[in-house]
Amino acid sequence: MAHSGHDKKARKEALYKELELQLDLAINGITVDSEEIGKLDAVYARRLTSISHATPLSFNFVGGKIKGPGFDAGFRQQKDSIYGLEAEDGKPVIYKYGRIKTRVGAIEFREKERHPLLDITTRDGVPFHTIAAIREDGQVHVNYSQECVLKEKGEDCLFCNYSVREATLKTPQQVGEVFSTLYNAGVGKHLNLTSGFLYERKELDYYLDVADEIQSRTGLKEFRATAVIGAPLDFSVIDKYKEAGYFSVRMNIEIWDKNIWNAICPGKRNHCGGWENWVKALEYAVGVFGRGRVASNIVGGIEPKNSILEGVEYKLSKGIVASASSWRPVAGSVLEGHRSPETAWHFDLQRQIAALYKRYNFSLTDLHNVSPSAGLAVTLFQIDQEDFDENGELRAWQYP
Ligand code: SF4
């Protein structure tokens, strides 16, 4: 038995290392020269040249233990990274450059077949795949608008590049029809419904219309869906989401330190009643939806680590599913050109958050109640819990 305990410890250490490497690759990106693409077998070359924002490429290390879904770093091309992709016998291999060039390992791209249901069209003739995406764990993801009204006003969050001007709004009927069809077929299990910022009234009306459509098409009073919303000024609005049948809500505060929040999230400051109102709205929502059915993310890497951990712990102590993402400055945001903290900083933050999930008795189910799930810390939490399948791989989460 002592031997198996030792094996588990070694397996956990190997998984931590693999995850930290994936995170480092996500933060730094990977340089891909067209010359190397030319040396790859056609199947790999085709996958690499098909990457777009809408279809990011996921990959595993050949022989690695992290297969997703869960924390899924994705393959991100970046000029002049410390990492590069080279072809070996036509297969993609990642190298790390520096004083000594090291071979990190061969990778394989994860096959993502589009589910045939996504090829059908809505009543008004729009292909399902332009409305929603389905994850392997049964989560249906819908961004109903690419627009954020804060952008137009110059009040957008400084880390964000989300908004596309005059983006088309997917209608509530389309969203309801697509999710209900996927749900009724047993394919879609949990809807994550999100968008840029709309004003309170407009946002609520939209979500209520989607709920009507889902209820009438599925016959469900409550349906598994997370409404991602801004903190309202009038808290009775939160009750309306619950009454409409939503399973959970997410209100991302983004930054915990109040002064830094004021500077980084001017639109949220100006239109959502200030930082205290945001925190109070989260606490109120737990009273309405229950523990583990309200979530809020912090963009990890802008404020000091102790401030993020204070925010995460405060929220968990109130029954809110708290998380931090790993900030990577994006082109088109005000913070473009800035740098994220070191990977070791991010990894340590995520490990501390995973430990807090345990301390506050959150279960894996709680952490997935509020989509799109809490990311890397959840995977670390699973490793800490030794939640492995018979092959020694992390047990893949599936929505019920
Ligand atoms: S993060 Fe801020 S700027 Fe970006 S979409 Fe949300 S509210 Fe708008």
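1. A residue is called buried if 20 or more other C-beta atoms lie within 10 Å of its own, exposed if 12 or fewer do, and partly exposed in between, with C-beta atoms placed from the backbone. By that rule, 10 of the 13 residues of helix α5 are buried, so α5 is largely enclosed by the rest of the structure. The buried ones are Pro172, Gln174, Val175, Gly176, Glu177, Val178, Phe179, Ser180, Leu182 and Tyr183.

2. Ground rules. This is a predicted model: local features need pLDDT of at least 70, side-chain atom pairs count only at pLDDT 80 or more, and totals for chains, interfaces and linings use all residues. Residues are numbered from 1 along each chain as its sequence is written. Helices (H or I, at least four residues) and strands (E, at least two) are DSSP runs, numbered from the N terminus.

3. Length of α5. The expected span of a helix is 1.5 Å times one less than its number of residues. For the 13 residues of α5 (residues 172-184) that gives 18 Å, and the end C-alpha atoms are 18 Å apart, which agrees. Just after α5, Gly186 takes a positive phi of about 80°.

4. What covers α5. The cover over its buried residues includes β5 (133-134), β6 (139-143), β7 (190-194) and α6 (200-218). Contact here means C-beta atoms, placed from the backbone, within 7 Å. α5 lies across β5, β6 and β7 and runs at about 170° to β6. Angles run from 0 to 180 degrees between N-to-C directions; axes are lines fitted to C-alpha atoms, for helices over the stretch in contact.

5. The sheet. Seven strands form an open sheet, ordered β5-β6-β7-β8-β9-β10-β11, with mixed pairing. β5 and β11 (321-326) stand at the edges with a single partner strand each, so one side of each has no neighbour in the sheet. Two strands pair if DSSP finds at least two bridges between them. β7 and β8 (residues 223-228) run parallel, joined by three bridges. Leu193 has Ala227, in β8, as its bridge partner.

6. α11 (residues 305-317) lies across β10 (294-300) and β11. It runs at about 155° to β11.

7. Two residues elsewhere. Ile100 sits in the loop between β3 (91-96) and β4 (102-109). It counts as exposed because it has 6 C-beta neighbours inside 10 Å. Tyr16 belongs to helix α1 (residues 2-28). With 15 such neighbours inside 10 Å, Tyr16 counts as partly exposed.

How values were computed. Contact = placed C-beta atoms within 7 Å.
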